[in-house]
Amino acid sequence: MFVTCLADLMRPQVAFAAVALLERAGCRIRVPREQSCCGQPALNSGDRASTINIAKGVIRAFSSDDYVVVPSGSCADTLINKYPELFRHDVKWAGRAQNLADKTFELTTFLVEQLGVELEQVSYPGVCAYHDSCSGLRELAIHQQPRALLQQVEGLSLRELEDGSACCGFGGLFSVKYPDLSGRIVSDKCGQIAQTEADTVLGGDLGCLLNIAGRLRREGSDLKVFHVAEVLAGMTDGPAIGEAESEDTA
Amino acid sequence: MSVSTASRRVEFQDRAKLALEDASLQRALAKARGGFVDHRQEAIDGLPEFDAIRDAARDIKNHVLANLDGYLELYEQQVIENGGQVHWARDTEEACQIIAGICKEAQAKTVTKGKSMVSEEMHLNPALEAAGMTVVETDLGEYIVQLAGETPSHIIAPAVHKTREQITDLFHEHHSPLGYTDRVTQREALVNEARSVLRERFVTADVGITGANFLVAETGANVIVTNEGNGDLTSCLPRVHIVTAGIEKIVPSLDDLAVLLRVLARSATGQEFSAYTSLYSGPRRPGDMEGPEAYHVVLLDNGRSRLLGGQYQAMLRCIRCGACLNHCPVYGSIGGHAYGWVYSGPMGSVLTPLLNGFDQSLDLPNACTLNGRCKEVCPVRIPLSDLLLKHRVEQHERRLSSGLGRLLLGTWAWLACRPRLYQGVMALPLRVMHMFGGRRGGLTWLPGASGWTGSRDFPAPARRSFMRQWQSRKVRS
């Protein structure tokens, strides 16, 4: 499994949830220690040389695995679509990059399309708005997969956002370089989330979810924010993203 | 254009900040946003073969760009055969000189203009005014913008940044001296008042200048698409008609034109077809009831030919529909003026550095979340967000990006290539951030990212990273 740096550092539970879902479906999970980040911050800053170095490390780290599963649409997109493009003119690496791309899947896509899983009994009593993250939606056509899985969750009902394919304003380093713009866009998104009258926001990308959760917290909203994997794995007892820790978990 | 890169950088961010704080602009933008998106979607839902037509449209434009020299010559021959003249302008200055020259020769006092973005690119109005002429914009949106002393903020909806209250004030101020003393506030009344004022201008104009949505090589026609009919009155009534267009506006044939028209209006306003789609092929012929005595086409290069054969060539496919602006979260937040030039939104962020110089607009390719919606909606499938990323690569390789940013990024990338070290180094900040933010759930202030925490919390990270926890789990089992 490719953990993704945000799940690793910010929300390990997302990676544990992904592991649990895969193990329950009968997969044997290996998490190579030789992984950090897929290189998006460098790639999106135009630093191809650094991205290539990082990508080579990722390609090497997973060369012996049958599948690489990623609990993020945007990181999966980097491995699947961006790496082959980076090495297009590199005779030595083009094939290896394509190999990795061919066996890499975003988590919900893998669960639905490769494994066709039926979830073990899991419940989440809540009205959920689903945020489709941009790279997943547009580059990997992730839309139905998480919804199909969430339908199997007992007690959960889904609401669609108005203009749901609009960006949340995260954009990686964009949110640090242009915080005012990013802040405006995410506050619009939170307005649309509020309109659904959902009590929970779900999504498949931690970047977007941290952005949305951060804004909701600032607005004083009590909406819960979870990664879709956490709900599917039944790991929603602890604090949601951006939520204060209760005394016993602290 | 001798503005330093540093001040240019500040300019965009300052303009964006002002735009975000401008309450009437925000009202106007919020009102426009949903409408464009919904109308386009409805129009496309009604045309199942839309994607196939988009492919065809892209292929036509690619074919033209691969054979542009030949089609431009064919077009010129046709215009000459029809009795018109073609003028070639290398840059905007030369274009202004040519147009001012034609106007002077026609002893023009009043010039009417139908919407032409390329004339905005040329800064034509000030050039003609300096030559002693009165220029009247005839597109309602451009007319409003002209009264306000501003420039268009959207390539198809020039006054989209104005609220109706602001337009009421403008009309009252400028039309009262002409005898329109009632203060009109309703949409239809405003339109009627503008129509009545402009009617007078149409009939007294000596020269009419229009843009062109397309130029048809096989017939020599220029095609103009409007919803107000102002393009026709500007083209037909004055003694002299001048068409201004970029050299990339060529399509080979009327059949090709039909393909492009099918995607244009749907992408732009969500209409199947605009109210007026007019083709003009030259001056009045013997026996014609109407039409200008002289017909000129001024073709502008201004850096476009430099893009041929290069990595940005796809940008020349652009048909200026505005769909990318309408679907861009950044454009939707700040409007067009913050971009600093005639072209805004995603297409502007790609084009401006290409036409004005890379170091002139360093922010534009970066002020984008790379969400890819612009690419998704483009009727000629320009990979806009990919081209913005190419700009970033070029900025990085030419060392135009900020030194501190490069240093931080380089250090981070160096670490990211050494995962075990990376995991060790990240442990400390993680613990510290968790310590300060864990109880609350998030940090309200974060050194180095105070911008982020200005408008939202930074959710607290975990106490121990997944990789650490995973290692100990493995050891335990």
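User: Before we go on, what pLDDT do local features need here?
Analyst: Residues count from 1 along each chain as its sequence is written, while chains are lettered from A and ligands numbered from 1 in the order in which they are written. This is a predicted model, so totals for chains, interfaces and linings use all residues, side-chain atom pairs count only at pLDDT 80 or more, and local features need pLDDT of at least 70.

User: What percentage of chain A is buried?
Analyst: Laid along the principal axes, the C-alpha atoms of chain A fill a box of roughly 55 × 45 × 35 Å. Of the 250 residues in chain A, the buried share is 58%.

User: How far apart are the centres of the two domains of chain A?
Analyst: An automatic or database domain assignment sets the bounds, giving domain 1 (5-113) and domain 2 (120-232) in chain A. Their contact (C-beta atoms, placed from the backbone, within 7 Å) takes 29 residues from domain 1 and 23 residues from domain 2. Elements giving two or more residues on the domain 1 side include α2 and α5 of chain A. Taken over C-alpha atoms, the separation of the centres is 22 Å.

User: At what angle do α4(A) and α5(A) pack?
Analyst: Helix α4 spans residues 48-61 and helix α5 residues 73-86, with axes 10 Å apart. The contact residues include A:Ile52 and A:Ala55 of α4(A), and A:Leu79 and A:Tyr83 of α5(A). Axes are lines fitted to C-alpha atoms over the stretch in contact, with angles from 0 to 180 degrees between N-to-C directions. On that scale the angle is about 115 degrees.

User: Why does A:Val225 count as buried?
Analyst: A:Val225 sits in strand β6 (residues 224-227) of chain A. Beyond its neighbours within four places in sequence, its contacts include A:Val201, A:Leu209 and A:Ile241. A:Leu202 is 23 residues away in sequence, yet 6.0 Å away C-alpha to C-alpha. A:Val225 counts as buried because its C-beta neighbours inside 10 Å number 27.

User: Which element gives the largest share of the side of chain A that touches chain B?
Analyst: That interface puts 62 residues of chain A in contact with 54 residues of chain B. The chain A side divides into 28 nonpolar, 17 polar and 17 charged residues. Nonpolar means Ala, Val, Leu, Ile, Met, Phe, Trp, Tyr, Cys and Pro, charged means Asp, Glu, Lys and Arg, and the others, Gly among them, are polar. With 8 residues, the largest share comes from α11(A).

Definitions and conventions
Helices (H or I, at least four residues) and strands (E, at least two) are DSSP runs, numbered from the N terminus. Two residues are in contact if their C-beta atoms, placed from the backbone, lie within 7 Å. A residue is buried if 20 or more other C-beta atoms lie within 10 Å of its own, exposed if 12 or fewer, and partly exposed in between; C-beta atoms are placed from the backbone.
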